[in-house]
Amino acid sequence: MKIQSHSPDKKKQIQASYSQKPATLPRVSLKRMLTSVLLVTFVYAFSGGCAFIEKITNQKPSFTLDRLRITGITLTHLNLQLEGLVENPYPFAIPAGDLDLGLAVEGRELQRMQLDLSDGVPADNSQPIKLDVQLPYSGLIALYRLLPTQETLQCDLTGQLNLHLPEEQVGRIPGLPEKIAFDVNQSRRLPALNPGISIRDFRISGPDPETLRNAIADGSMVERASTYLGRLLEGSAYSPGSAESAGLDDLGLELTGELDLVLTNQAAAALNFVEVDYELLLQNESFLKGISKDIQNNGTESVITIESTLPLASVGAALARAISNRTAAFDLKGRAGFDIPSLPEDGTIHFNFDENGRLSW
C-alpha cells in the first residue's frame, strides 16, 4: 500500500482552510425594526380612521316627520300624534339619544316636547317613533282671529336630534365626540279647528187624548193621566211629582223629546259629521240617548234633529220638577265622528264632548 504524504508547508495551508469562520448577514437594530412595525400599523389605523371620520362627516343621522295627524279633539284641546323615523347611516348602532322639539303654528311656538330614544337606533337602519301631544285651543284662538278664512295653518317642527355614540368607537378614533347634534326642521299643515256643541229647539210632548183613551180602558184613569200630563207639560209652578206617586207608572205611556243638536267649528275648516253617539241628562237623570247618522252638514255647522221617547214611568220627582218648570240643569256628553274635506287622508276623527249648563224651553 502506498501512503501519500505532504510537506510541512502544504499541511499548514490545509489546516488554515478548515479554521476559517462562515459568512454572516448584516446586523439590524431591534429598536429600528419595532419602529417600522409601529409606523406601518399607525398608517393603516390612521387611514381607516380618516375614512371612518369622513363617513360620519358626510353621512349624518336625521329625523323625518312622516305624519302629523289629529287622533281626537275635545272642547278644550286637540290631541295630535307625530309619527316619524330617526335614520342612522352609520355602520354601528347608536345606543341612546333624544329629541328636543318645538311645535310652532304660523310662526308661534305653542308646545315644547322631549323624547328619549332609550332603545337607540340600529346600525344602517331607522327607528320609528310616535309622540303624543295636546294642543290647547287657548294658544290657537288668537291665530284663528288673525286668519279667519284660512282652513289649514302652517305647522313647523324644529329642534335638535341628539345622539350618543358608542364608547368603543369614541375610544378608537381620536377627536370623535361622545355626543353629536343635528338640526330638525319639518313642516306640515294643521286644520283650523275649534269645535262646539249646543242644543236648539228643545221640546217635550206627551200622548194626545186619543192615544190616552186607546191605551187606558178605565175612564177615571184617563182623566188622572190627562191632569198629570197637563201640569207636567204645560208649565206650572207646582210640580205634579213622580209618575209613580201619581199611580201612572204601570200604564206604558211615553213622553217624546225633540231637539236639534248643533255641532259647529268656530274656526275656518269645514267639517262633515258622520255619526253622533249622545246622551242628554236633565237634573242628573238620563233623558235622551242614542246614535244618530241623519246629519245635515253645512260647512262649519252641522245639525242633527233628534226625536226619542222616554217612558213616563221613569219620570222621577227631580225630573218632573224640571219639566214642569221648563228649565233644568243639563249635561250633554258623547262622541261624534267627522271628516275634514281639506285633509281627506286623515280619515274619520273623533270629537269627545261633555257640555253642561242650564236649558230652558
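**View 1. Helix α6 and its cover.** The buried residues of helix α6 are Met221, Val222, Ala225, Tyr228, Leu229, Gly230, Leu232 and Leu233. The model shown here is predicted. Among the elements that cover these buried residues are strand β8 (195–205), helix α5 (209–215), strand β9 (254–265) and helix α7 (317–325). The end C-alpha atoms of α6 lie 21 Å apart, which agrees with the 21 Å that its 15 residues should span at 1.5 Å a residue. Just after the helix comes glycine 235, with a positive phi of about 90°.

**View 2. The largest nonpolar core.** This core holds 93 residues. The members that touch the most others are Tyr228, Leu261, Leu280, Phe287 and Leu312. Helix α6 (residues 219–233) supplies the largest share of the core, seven residues. Tyr228, listed above among the core members with the most partners, is also one of the buried residues of α6.

**View 3. Surroundings of phenylalanine 287.** Leaving aside residues up to four places away in sequence, phenylalanine 287 touches Phe202, Ile204, Gly257, Leu280, Leu281, Leu282, Leu310, Leu319 and Ile323. One of these, Leu280, is listed with Phe287 among the residues that touch the most other members of the largest nonpolar core. Phe287 also forms one aromatic cluster with Phe202 and Trp361.

**View 4. The aromatic pair of phenylalanine 273 and phenylalanine 338.** The structure holds five aromatic pairs. In this one the rings are tilted, with 5.4 Å from centre to centre and 55° between the planes. Phenylalanine 273 belongs to strand β10 (residues 272–282) and phenylalanine 338 to strand β14 (residues 327–339), so the pair ties together parts that are 65 residues apart in sequence. Phenylalanine 273 is buried, with a relative accessible area of 4%. Phenylalanine 338 is buried as well, at 0%.

**View 5. The aromatic pair of phenylalanine 351 and phenylalanine 353.** The two rings are tilted, with centres 5.7 Å apart and 50° between the planes. Phenylalanine 351 and phenylalanine 353 are both buried.

**View 6. Threonine 152.** Threonine 152 is found in strand β6, which covers residues 152–164. Is threonine 152 buried or exposed? Threonine 152 counts as buried because its relative accessibility is 17%, and the cut-off for buried is under 20%. Not counting residues up to four places away in sequence, threonine 152 touches Arg189, Leu190, Pro191, Ala192 and Ser342.

View 7. The chain has seven helices and 15 strands. Of its 361 residues, 39% are buried. The accessible surface comes to about 20,800 Å², and 49% of that surface belongs to carbon and sulfur atoms. Among contacts between residues at least 6 apart in sequence, 73% join residues at least 24 apart. The average pLDDT is 84, and 83% of the residues score at least 70. Over residues 1–8 the pLDDT is below 50, and this stretch has one contact in the model beyond near neighbours in sequence. Residues 10–26 also have a pLDDT under 50, with one contact beyond four places in sequence. Where pLDDT is low, the predicted coordinates should not be read in detail.

How values were computed: Residues are numbered from 1 along each chain as its sequence is written. This is a predicted model: local features need pLDDT of at least 70, side-chain atom pairs count only at pLDDT 80 or more; totals for chains, interfaces and linings use all residues. Side-chain values use heavy atoms; hydrogens and water are left out. pLDDT is the predictor's confidence in each residue, from 0 to 100. Contact means heavy atoms within 4.5 Å. Helices (H or I, at least four residues) and strands (E, at least two) are DSSP runs, numbered from the N terminus. Buried means under 20% relative accessible area, exposed over 50%, partly exposed in between (1.4 Å probe, protein chains only). Accessible areas come from the Shrake-Rupley method with a 1.4 Å probe; for residues, only the protein chains shown count as cover. A nonpolar core is a set of buried Ala, Val, Leu, Ile, Met, Phe, Trp, Tyr and Cys residues joined through side-chain atoms within 4.5 Å. The expected span of a helix is 1.5 Å times one less than its number of residues. Rings of Phe, Tyr and Trp (its six-membered ring) pair if their centres lie within 6.5 Å; planes under 30 degrees apart count as stacked, over 60 as edge-to-face and the rest as tilted.
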